[in-house]
Amino acid sequence: MTLLDAPKYDEAKARRNQTILWSGVVSFFLLVIVYWLVAARPVDWPWNWQNHLFGRSSANRFLEAVEKNDLETAYGVWTHDKNWKQHLDKHTTYPFPRFQDDWSQTSPDNEYGVIQSHRIAAARMYGNQLLMAILINGRKSKALSLDWDPHDGTLSFAPPDIEINPESYK
């Protein structure tokens, strides 16, 4: 076979290859859109969408446990340690009695009162932390600011000088 003996053009094969190519491109973009929707439509880079997904899930599990007044489960979510009772020495910076003072329904330190509902109004990556503004009990202002650390999965209070205004992200 020489250069002048080119193979005959196969139109069916070319159409099949083009269909496979376009199907792959469309499938990829559909998967990206579905993942963006599952991650709660974050306004962030795609490589941070997983942090949004897991951070929001962790905050929701935590606040649902607080709403049920199951503070032991909530503390396990807060510290990302289901078996926190077996190694209390790991959690000396924010011990369970202090956690109870902050989140108990009857605590004077709990400025939200009995927590009955919550809504994550906004979430943004700030450095390597997911900063979330959570509206408690249907409030429209004074959101609870929580941080979620993607490296160890723990929740914490956001620094006092850094907060997200949920009104600006409606």
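Me: Which residues of β3 are buried on one side, and which on the other?
Reply: Buried means under 20% relative accessible area, with exposed over 50% and partly exposed in between (1.4 Å probe, protein chains only). Strands (E, at least two residues) and helices (H or I, at least four) are DSSP runs, numbered from the N terminus. Both faces of β3 are covered, and the buried residues are Leu144, Leu146 and Trp148 on one side and Ser145 and Asp147 on the other.

Me: What kind of model is this, and how are its residues numbered?
Reply: This is a predicted model, in which local features need pLDDT of at least 70 and side-chain atom pairs count only at pLDDT 80 or more, while totals for chains, interfaces and linings use all residues. Side-chain values use heavy atoms, without hydrogens and water, and residues are numbered from 1 along each chain as its sequence is written.

Me: Why is strand β3 largely enclosed by the rest of the structure?
Reply: In a regular strand the side chains alternate between the two faces of the sheet. Strand β3 covers residues 144-148. It is largely enclosed because five of its five residues are buried.

Me: Which residue stands opposite leucine 146 of β3?
Reply: Two strands pair if DSSP finds at least two bridges between them. Strand β2 (residues 129-136) runs antiparallel to β3, and five bridges join them. Opposite leucine 146 stands methionine 132.

Me: What is the bridge partner of aspartate 147 in β4?
Reply: Strand β4 (residues 155-157) pairs with β3 in the antiparallel sense, over three bridges. The hairpin of β3 and β4 has six residues between the strands, and glycine 153 there takes a positive phi near 75°. In β4, the partner of aspartate 147 is serine 156.

Me: How many salt bridges does the count come to?
Reply: A salt bridge is a side-chain nitrogen of Lys or Arg within 4 Å of a carboxyl oxygen of Asp or Glu. One of them joins glutamate 11 and arginine 15, with the closest N and O atoms 3.6 Å apart. By this rule the count is three.

Me: How many residues apart in sequence are the parts tied together by lysine 85 and glutamate 72?
Reply: The side chains of lysine 85 and glutamate 72 meet in a salt bridge of 2.7 Å, N to O. Lysine 85 lies in the loop between α3 (71-79) and α4 (96-103), and glutamate 72 in helix α3, so the pair ties together parts whose separation in sequence is 13 residues.

Me: Is aspartate 102 buried or exposed?
Reply: Arginine 98 forms a salt bridge with aspartate 102, with the closest N and O atoms 3.2 Å apart. Both lie in helix α4, four residues apart, about one turn of the helix. Arginine 98 counts as partly exposed at 40% relative accessibility. Aspartate 102, with a relative accessible area of 13%, is buried.
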